[in-house]
Amino acid sequence: MGSYGMIILFIPLIVFFAILNPTFISVPNIINISRQSAVIGIMAAGMTFVILSANIDLSVGSIVAFSGVITAFTLKAGLGGGLAIIFGILAGGAVGYVNGKITTKFNIPSFIVTLGTMYTVRGVAYLLLGGRPIWGLPKTFNFLGGGFVLGIPTQVWILVLVFLVGWFILKKTAMGRHTYATGDNCEAARLSGVDYKKIILWGLLISGLCAGLAGSIMVSRLSSAQPLAGKEYEMKVIASVVLGGTSFSGGRGEIIGSLMGALVIGMIANGLNLARVTPYWQMVFLGLILIIAVIFDKYRQIKKA
């Protein structure tokens, strides 16, 4: 749909949900939406690199749980919040690197590889926690997920920073140009001297790092690490990126569109909750949104051709 389409979609969504429940446009709820959207948005920034290269990462939700567990263990060991965040991010990056290495070395579709790691990594999170959450984390760590800077939630500032870095890489560096080239036509990119395998590896690594950061933020916000954290987030993240205009076939899209898509997904989820729509119907709506976004993307490709 693209970033411009997202902007046009914002206004009727806000009006619709405000009519259903005036609380939707209250300051506390706007802050709540921004927090919910920030986690999905950070993950969507990483996913944009993957989808632009014509790949997919289904493991991001499980990485959130796994990196959250590592973050919590680091905190429990008394190593401090800074190291806990670093270890959480590195844990996500390690999974992303494994995804990229297997995908490129053995020429296995990333869909299959990340589907496998999706189950494997979540299983490891369950094993490390024994199926039970970790509680009693230091209250000072809550600042990352529950604090404010200049009246704006901390994770929103982090979201902005992540997208600025992502935008710079995609628009101002050779890696960004090569990412678009790889997704647009992998063989043509190879003949032009682009190391497309390296680009795919880096995309999945960045996706893992972003999911790892999201996991640390969730631990901070919930003051606990849970093996179920991030469950089904991969669908919200993919929907955000595709809804934001990034083509499933790769090579086309903008990272700012992914941010807009994450905000729309967050608004819809929050509005449906306030309207007391059951989670089952919310899953139906999310699936329909993804299908519509893919159909719209396909229509654009046909029209362009």
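Close-up 1. Thr-114 belongs to helix α5, which spans residues 110–129; helices (H or I, at least four residues) are DSSP runs, numbered from the N terminus. The model shown is predicted, so that local features need pLDDT of at least 70 and side-chain atom pairs count only at pLDDT 80 or more, whereas totals for chains, interfaces and linings use all residues. Residues are numbered from 1 along each chain as its sequence is written, and side-chain values use heavy atoms, with hydrogens and water left out. Thr-114 has a relative accessibility of 0% and therefore counts as buried; buried means under 20% relative accessible area, exposed over 50%, and partly exposed in between, with a 1.4 Å probe and protein chains only. Contact means heavy atoms within 4.5 Å. Leaving aside neighbours within four places in sequence, Thr-114 is in contact with Ile-56, Asp-57, Leu-58, Ser-59, Asn-99 and Leu-204. Thr-117 is also placed in helix α5 and counts as buried, at 10% relative accessibility. Not counting residues up to four places away in sequence, Thr-117 touches Ser-59, Asn-99 and Arg-122.

**Close-up 2. The largest nonpolar core.** A nonpolar core is a set of buried Ala, Val, Leu, Ile, Met, Phe, Trp, Tyr and Cys residues joined through side-chain atoms within 4.5 Å. The largest such core has 76 residues, of which Ile-42, Met-43, Met-47 and Ile-238 touch the most other members. Helix α2 (residues 27–52) gives the most to this core, contributing 13 residues. In soluble globular proteins, nonpolar side chains tend to be buried together. Around Met-43, the residues touched are Val-60, Gly-61, Val-64, Cys-210, Ala-211, Ala-214, Tyr-233 and Val-237, not counting residues up to four places away in sequence.

**Close-up 3. Gly-46 in helix α2.** Gly-46 is found in helix α2. With a relative accessible area of 0%, Gly-46 is buried. When residues up to four places away in sequence are not counted, Gly-46 touches Gly-203, Ile-206, Ser-207 and Cys-210. Between the C-alpha atoms of Gly-46 and Ile-200, which are 154 residues apart along the chain, the separation is 12 Å.

**Close-up 4. The packing of helices α7 and α8.** Two packed helices are described by the angle between their axes and the distance between the axes. Helix α7 (residues 154–172) and helix α8 (residues 174–184) pack at an angle of about 75°, and their axes are 5 Å apart. This makes α7 roughly perpendicular to α8, a term for angles of 65 to 115 degrees. Axes are lines fitted to C-alpha atoms, for helices over the stretch in contact, and angles run from 0 to 180 degrees between N-to-C directions. From α7, Ile-169, Leu-170, Lys-171 and Lys-172 meet Met-175, Gly-176, Arg-177, Thr-179 and Tyr-180 of α8. The residues of this contact divide into four nonpolar, two polar and three charged. Here Ala, Val, Leu, Ile, Met, Phe, Trp, Tyr, Cys and Pro count as nonpolar, Asp, Glu, Lys and Arg as charged, and the others, Gly among them, as polar.

Close-up 5. Ala-54 is located in the loop between α2 and α3 (60–76). Its phi is near 65°, a positive value in a residue other than glycine. Most residues other than glycine have a negative phi. At 38% relative accessibility, Ala-54 counts as partly exposed. Ser-249, in the loop between α11 and α12 (255–274), is partly exposed as well, with a relative accessible area of 32%. Not counting residues up to four places away in sequence, Ser-249 touches Ala-54, Gly-183, Asp-297 and Gln-301.

**Close-up 6. Asn-142 and Ser-223.** Asn-142 lies in the loop between α5 and α6 (143–146), and Ser-223 in the loop between α10 (196–222) and α11 (233–243). Although they are 81 residues apart along the chain, their C-alpha atoms are separated by 6.7 Å. Asn-142 touches Gly-147, Ser-220 and Ser-223, not counting residues up to four places away in sequence. Asn-142 is partly exposed, with a relative accessible area of 25%, and Ser-223 counts as partly exposed at 23%. Ser-223 has a positive phi of about 60° although it is not a glycine.

Conventions. Helix = DSSP H or I, 4+ residues; strand = E, 2+ residues; numbered from the N terminus. Parallel < 35°, antiparallel > 145°, perpendicular 65-115°, else oblique.
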